[in-house]
Amino acid sequence: MLDLKFLRTNQDIVRQNIKNKFQDEKLPLVDEVIELDLESRKTQQEADNLRASRKSLSKQIGALMAQGKKEEAEKMKEQVNQNADRLAELEAKEDELQKKIKNIMMIIPNIIDPSVPIGKDDSENVEVQKYGEPFVPDFEIPYHTDIMEKLNGIDLDSARKVAGNGFYYLMGDIARLHSAVISYARDFMINRGFTYCVPPFMIRSDVVTGVMSFAEMDAMMYKIEGEDLYLIGTSEHSMIGKFIDTIISEEKLPYTLTSYSPCFRKERGAHGIEERGVYRIHQFEKQEMIVVCRPEESPMWFDKLWQNTVDLFRSLDIPVRTLECCSGDLADLKVKSIDVEAWSPRQKKYFEVGSCSNLGDAQARRLKIRVVGENGKYFAHTLNNTVVAPPRMLIAFLENNLNEDGSIRIPEVLRPYMGGMEVIK
């Protein structure tokens, strides 16, 4: 969410930013919020004048009563009562106007970083760099669920009976591999200085609206019927929410946390052949990383975060590339985002396995995450990134470590988490 003061003095910048995100339908919101803000400030000024007048008249009434001038004092009391009625009207109007302004400001997108490429959708994202050599073996690589089924590692039919489409049972060594990847990712991040955390898997609505846009909320979140609770779509939501309505001493920054959680998503609009199996599902597990830091440090942490994901995948001998998200592919709260994509030998292309985002002070402003330092108070910057999400990670892992006989190689770094196993047969 933008600072209202910034919008007042930088209307053209805000309008151009909306155009750069190809959201022209939101352009009228700028004029609307300016008009509401002007009306709000006029209302507040009149209310402040009445409050000052009430204070002055109260002193005068006290003086007149002390002098025995009751008649004059009563006339002034009538004026005070009239002012009180008007003040009540103004205060109600103030609240109404502030709510309208906040609702609009929650919809106007955050200002993107100048380095973000301008593009309409994810088809215009820009490749930054490749890591590792993409390799295609001289034998056919089956679809990932076929690989798992041959290893008795997945049961989709039973899951459909129990929960419907978008769910699965992982079994045996594949289930163990899933847990091994999560455990390895946890220790990988701890070794990089991050504090491990297991957060709540449900959050209240004020946290939901603090960490994401309304459009994202509607497309992703599952609501708990009859309660002010939502199932998290990623542990980033809980982790950033941990700091809601806090004032942090500057010397304690940065907070660097890595968290494990199950994730629950509606995944609306997921269609096509690659949505079969475990690519797009309603429930999965993930290791996440978040940072809460000073504004001037967020670009540095942004680069560190996506590099962590690249390094983890390369430690497992999986080729990856980084992709700069264009303006039209950025969610409204994001300043800048880079996707990490893993190589798929079967498809002979890369696919997304993680996303790193710098949200500037947007989440902090919504959640009131403030920092107090030598120069006073300011809003923190927040960042998040996927360490690893095993459903998609499993696809990349299985395809890149598949042997011609259908067995799966276990990279050396993962063997301690698999009981020393070198291959899944």
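**Close-up 1. Lys-304 and the ring of Trp-301 in the predicted model.** The charged end of Lys-304 sits over the Trp-301 ring. Its distance from the ring centre is 4.7 Å.

**Close-up 2. Lys-223 and the ring of Tyr-230.** Here the charged end of Lys-223 sits over the ring of Tyr-230. The distance to the ring centre is 5.5 Å.

**Close-up 3. The aromatic pair of Trp-343 and Tyr-350.** The structure holds five aromatic pairs. One of them joins Trp-343 and Tyr-350. The pair is edge-to-face, with 65° between the planes. Centre to centre, the rings are 5.2 Å apart. Trp-343 is buried, and Tyr-350 is buried too.

**Close-up 4. A cluster of Tyr-184, Phe-188 and Tyr-417.** Ring pairs link these residues.

**Close-up 5. Helix α7 packs with helix α13.** Helix α7 covers residues 172-190, and helix α13 covers residues 390-400. Their axes lie 10 Å apart. The packing angle is about 110°, so α7 and α13 are roughly perpendicular to each other. From α7 come Ile-174, Leu-177, His-178, Val-181 and Ile-182. They meet Pro-390, Met-393, Leu-394, Phe-397 and Leu-398 in α13. Nine residues of this contact are nonpolar and one is polar. None is charged.

**Close-up 6. Asp-37 in helix α3.** Helix α3 spans residues 27-66. Asp-37 has a relative accessibility of 3%. Buried means under 20%, so Asp-37 counts as buried. Leaving aside neighbours within four places in sequence, Asp-37 is in contact with Leu-4, Arg-8 and Ile-101.

Conventions:
Residues numbered from 1 in each chain as written. Predicted model: local features only at pLDDT ≥ 70, side-chain atom pairs only at ≥ 80, totals over all residues. Heavy atoms only, no water. Helix = DSSP H or I, 4+ residues; strand = E, 2+ residues; numbered from the N terminus. Buried < 20%, exposed > 50% of the residue type's maximum accessible area, 1.4 Å probe, protein only. Contact = heavy atoms within 4.5 Å. Axes fitted to C-alpha atoms, helices over the stretch in contact; angles between N-to-C directions. Parallel < 35°, antiparallel > 145°, perpendicular 65-115°, else oblique. Nonpolar A, V, L, I, M, F, W, Y, C, P; charged D, E, K, R; others polar. Phe/Tyr/Trp six-rings, centres within 6.5 Å; stacked < 30°, edge-to-face > 60°. Lys NZ or Arg CZ within 6 Å of the ring centre and 35° of its normal.
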